[in-house]
Amino acid sequence: MGEPGKALSGCDDTIATRPPKEPSEFIGQLPEAPTRCRPNELLGGAGAGAIQPSCPVSQCPRSVVQAQRSEVEKLSDPKPSITWLPNELLIRIFDLFLAAARDNDVRRLPGRQLSRTQCLAGVSRGWRGVLLGTASLWTTVLVTPSCGTASVQAHLDRSSQCNLDIEVHSWDSHKEAHEDLFKKLVTMLIPHAHRWHSLAISDDVLQHYLSVILDRLQHMTLASLKRISMPFEDSPFVKASVQSVFFRPEACPRLECLNLSILEVPDAKEFRIPTTVTTVSVRTDVDLSDEELPWIPSFFESLSCSRSQLTSLTLTGIFGISQCHFPPNSIQLPRLEKFVCRVTDARALIEAIVTPSLSHMECYPDITGNPPNNNFTGLESKFTCVHRLILFEFDPVQEGWNSGETEKICLAFPSIRHLTLNNSEAVTMLYLDVATLWQHLECLTIHHTAEDSLDFLDSLLPWLKRRLDVGQPMLTVKFNGWMNEYTIASVQEALHGICTLEWSGINYHQEIENCGTISGGSYLGISEVSDRFTDLASHTGNILSVQSDSDDEDPSELLDL
């Protein structure tokens, strides 16, 4: 042995005096792949290229060699370990899992199942520590009959001072025990109202449960509240609690999103949206008459206020807007970017609004009046900034549609890039003589295709060919809906080479349908859909997102291939 503090004789490295390296020091030193050597080289035999060890193992302390060998083996172990995940990544996974499993927790029976939080905590001590020590994983508080006071208190305590998302579900029972439990849970939540970030009350919450919350919030300021979603029954607009809390800027100074379901007729004379709100969604399930409309003018007046920050508006149901007699271009919505119009008398509202920033619109192209006109007749170039247009379910054939009606839509929306038809019957609106009007069109999406019908190809195929014939670029055509092997194969054969096909959210049926004919051309079925999917993926860069119904899967859950 050499002198202390010096290298061993015959060794090039000072391994005797250096402490074992940290694991991170080995990462950059490990070879990428082993080098093939001749047997005599491995054995240190004679001959060109023989490898002579610079430091014989016999001269190295065995404990040092074993320690370094152990570290190398740990670093090169190909088996993954769940404990290797950094906490930041693990927290993100937990967050996604808990959000996806929240519906199951809502439906959970009291005492019958573990919550998803309990499931995660039971995996390992490390997971439990991360879960219990991360406040952001405890900010969504479910208020359901299956959630006891202990669960709600745990979320309030472990969320520290983070903002809370309150979700109230499944209070549809008149049982006295449920009513007592609900009052206890609300009493626990009210002291933390300054931390509420969102309040979501589902439609399955009875009115008297809703009143318990509203009465407690009557004189409070919700400084952090940004989102409200709730049903309105029994004319709650007349309640001072609703007016003062949710529609008064000083009570909710940061309110941004308002989602209301009006299940009964509101008889208040005014209904004004705070100017801070950027997203409004209102749904009515009742038929409003002349005597029940006093709040609608004030509603649109508050939206068109010069200080309004509104960027997204969704209206669904029967509003009776035509009875309000709004003059054309009288509702100014300068910041509105997205407008979803599902009201039955959409024509009166479409004429009245002015939306210079609108880029996304969804609506019904109804034909009404005498003589009949669709909702966009006479509105040439009114929506020049709209790039995405979604037309809800309608059947042009049954409504007496002709190419002139399609032309009116093209002229009202001249800059469309993405067109979505929510049913395959609407494809018949694509007439040859208006095929070239949408010069900026890039993508056509067809939803809810019928598995047993290919009639839409009669209109779609010549329409796409006409666009190519005049030199317009090839479109991307996306399909979504119920399809079987025959339908998928037929569409691929018919449209191959004239568009880029994408299949998204297809609910796939395995049975073979009888072959049919379209415009005199036959379309053959196939026996194995897997080969067809391979062909689809290899031609024109098709994108597949397909679900099979052979295993009784939920059609709403999509499996990407």
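Hi everyone. The protein chain averages a pLDDT of 75, and 68% of the residues score at least 70; pLDDT is the predictor's confidence in each residue, from 0 to 100. This is a predicted model, in which local features need pLDDT of at least 70, side-chain atom pairs count only at pLDDT 80 or more, and totals for chains, interfaces and linings use all residues. Residues are numbered from 1 along each chain as its sequence is written, and side-chain values use heavy atoms, with hydrogens and water left out.

First, the caveats. pLDDT stays under 50 over residues 1-18, and under 50 again over residues 510-561. Where pLDDT is low, the predicted coordinates should not be read in detail.

Now the cores. A nonpolar core is a set of buried Ala, Val, Leu, Ile, Met, Phe, Trp, Tyr and Cys residues joined through side-chain atoms within 4.5 Å; buried means under 20% relative accessible area, exposed over 50%, partly exposed in between, with a 1.4 Å probe and protein chains only. The largest nonpolar core has 109 residues, and Met361, Phe413, Leu460, Phe479 and Leu495 have the most contacts inside it. Apart from it lies another core of 10 residues, among them Leu90, Leu98, Trp127 and Val130.

That brings us to helix α4, residues 87-100. Helices (H or I, at least four residues) are DSSP runs, numbered from the N terminus. Which residues of α4 are buried? Leu90, Phe94 and Leu98. Seen down the axis of α4, the buried residues fall within an arc of 65 degrees, so they line one face of the helix; the arc is that of the directions from the helix axis to the C-beta atoms. The face turned away from the buried side of α4 carries exposed Glu88 and Ala100.

Key:
Contact = heavy atoms within 4.5 Å. Helix = DSSP H or I, 4+ residues; strand = E, 2+ residues; numbered from the N terminus. Expected span 1.5 Å × (residues − 1).
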